[in-house]
Each structure stands twice: as structure tokens, then as C-alpha cells.
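Try each task before you read its solution.

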Amino acid sequence: MNTTLFSQMMSRYSITTREDQINATHEVMQQIVLAGLYRGGFFSKAAFYGGTCLRIFYGLDRFSEDMDFSLLETDDSFHLENYFDSIMDEFSLHGRKVAISKKEKKSETNVESAFLKDNTEIYDLSFTTEKQIKIKIEIDKNPPLGFETDYKLLLLPFSFMVNCYTLPNLFAGKIHAFLFRKWNKRVKGRDWYDFEWYCRNQIPLNFKHLQNRTQQINKIPTDDFSIEIFKSMMKERIERTDINLVKNDVRPFIKNQQPLDIWSQEYFIKLIDLMKIS
């Protein structure tokens, strides 16, 4: 049991508020989950993607809550439960006990159709003594193909390699979320923050992978989703969204609030025209 290493990992963060504490704890937990999955051989079959991947391995300057994984190829017989022991053993090494429970998918949930695929398994992981700190883990067993991955190094809790989507493919996944995520009256400003990050860092969008995602998940044929149509859909999405709701969602996840000052519908529409598309 190595409670010292857990504390060492937490000490890397500047913690002055309860929000800081929660964000840092989430991220340390996420890294321990990755370590457990690595020990179990998970990354020979699957890859890490989404905002948490972008945060941990590519330097995104905002915190992220959920962990998203994709199989490298369709396998309906795959079950994440086979890796639970490896995850729980890894937490035990750090003096922490966790519980993992399967989350039932319901049509009336706030996160709707674009992400509730029948072959996506969803789990909640939490400390047994601090259940208010929770990580949602998703694994897509029938992923849209046409993506590339690369192994990235993580140094703590020990040195190991994680199979991750490359940036152009992460960008495609983020744009898909930006366009099709449905949160009823809420807005996920983190999608907007990440979109800005990709544009600022001149990351090219893998448009073919985006087309594959929209075809498989949203049933939009590739011929009906050209670059011109895509840009028009993006601009329409921006024009009908309340920017104040966007800002309010992302604030708890970033330290420096000043970059939000420039955010407006006009600003994000200009970013669309500056996007690199490959």
C-alpha cells in the first residue's frame, strides 16, 4: 500500500478551493485507472480518447471528468468488467478502495441519442468512502473506424504507455460532440473550449473520421455531409446557443478565466473559417 505516492501525485496541483481539490482528485484517479488498465493488457485492444485524453497527454489546460475509450475494432463479446480487478488492485496499491458499478442507459437521460449507442458500456467508479467524487467510464465496442492511434507515455503512478487517439482524430470526436450532443436546456461549454484549443493549436481535423462518426451514429450519409454542409451546421449551432451558458459550464474546470472574455458567437464563427481540415 503506497498512500505516499497518492499524496505525491496530489501535491503536483495548486489546491486552494474545494473545486481545486475535486478536480485534482479526479485527475489522479484517472491516471490510476489508466495504470490498472495497462497492467491488465487493455491497450492492446482499445484506445483512449476524449477530453480527459486531451488533458492528460496533449496539454489541454482544463480539467475533465469522464474517461472515454474505443475498441480498435468491433467486438460485441468484449466486456470492461474483465479489467475491473486490475483497476481495483491498482487503487489498493495506493491505499484506496473503489467501487465500480454499471450505469443503465435510459432514453430520458439528459445526455441523449448521439452518445447512447446500444454497444457502448457505461460505468461509474468512485471511492467507497467518498462517493461524491465519481468518474464515468465509457467503452465503445462498435467504434466508427478510420482513426489513428499512438502510444503516449505517462510517468505516474509509474512509467507506462497508453494507446491514444492522435490529435486529428480527437478533433473529429470533439467536433461530433459539438454538433450533436444534446443536453436539453444545458450547454457543454467544455466542447467549445476544446474546439477553440484545437483551432488555436492549428490541429487539422480528420474530416473522413468525422464523416464516419456521423454516418454510423447519426445516420447521415457521407454524401450529405460535405465540408460546406459541416461548416454551415457548425455556424447554425453557434448562432442559436447562449454564450453565457457556454461560459458558465466551463468556468469550474479552468483556473484562468480571462480567455473567456473574447468569447462570442462572432468569435466562434471566425474560428470555423480558420480551421484546418485534412
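**Exercise 1.** Is Lys 276 buried, partly exposed or exposed?

*Solution.* Start with the cut-offs: buried means under 20% relative accessible area, exposed over 50%, and partly exposed in between (1.4 Å probe, protein chains only). Lys 276 has a relative accessible area of 41%. Therefore Lys 276 is partly exposed.

A note on the source: this is a predicted model, where local features need pLDDT of at least 70, side-chain atom pairs count only at pLDDT 80 or more, and totals for chains, interfaces and linings use all residues. Residues are numbered from 1 along each chain as its sequence is written, and side-chain values use heavy atoms, without hydrogens and water.

**Exercise 2.** Find where Lys 276 sits and what Lys 276 touches.

*Solution.* Next, the contacts (heavy atoms within 4.5 Å). Leave out residues up to four places away in sequence; Lys 276 then touches Gln 202, Ile 203, Pro 204 and Leu 205.

**Exercise 3.** How far apart are Lys 276 and Met 234, in sequence and in space?

*Solution.* In sequence, they are 42 residues apart. In space, the C-alpha to C-alpha distance is 14 Å.

**Exercise 4.** Describe the protein chain as a whole.

*Solution.* Take the extent: the C-alpha trace spans about 55 × 45 × 35 Å along its principal axes. Then take burial: 54% of the 278 residues are buried. Last, take contacts: among those between residues at least 6 apart in sequence, 70% join residues at least 24 apart.

How values were computed
Helices (H or I, at least four residues) and strands (E, at least two) are DSSP runs, numbered from the N terminus.
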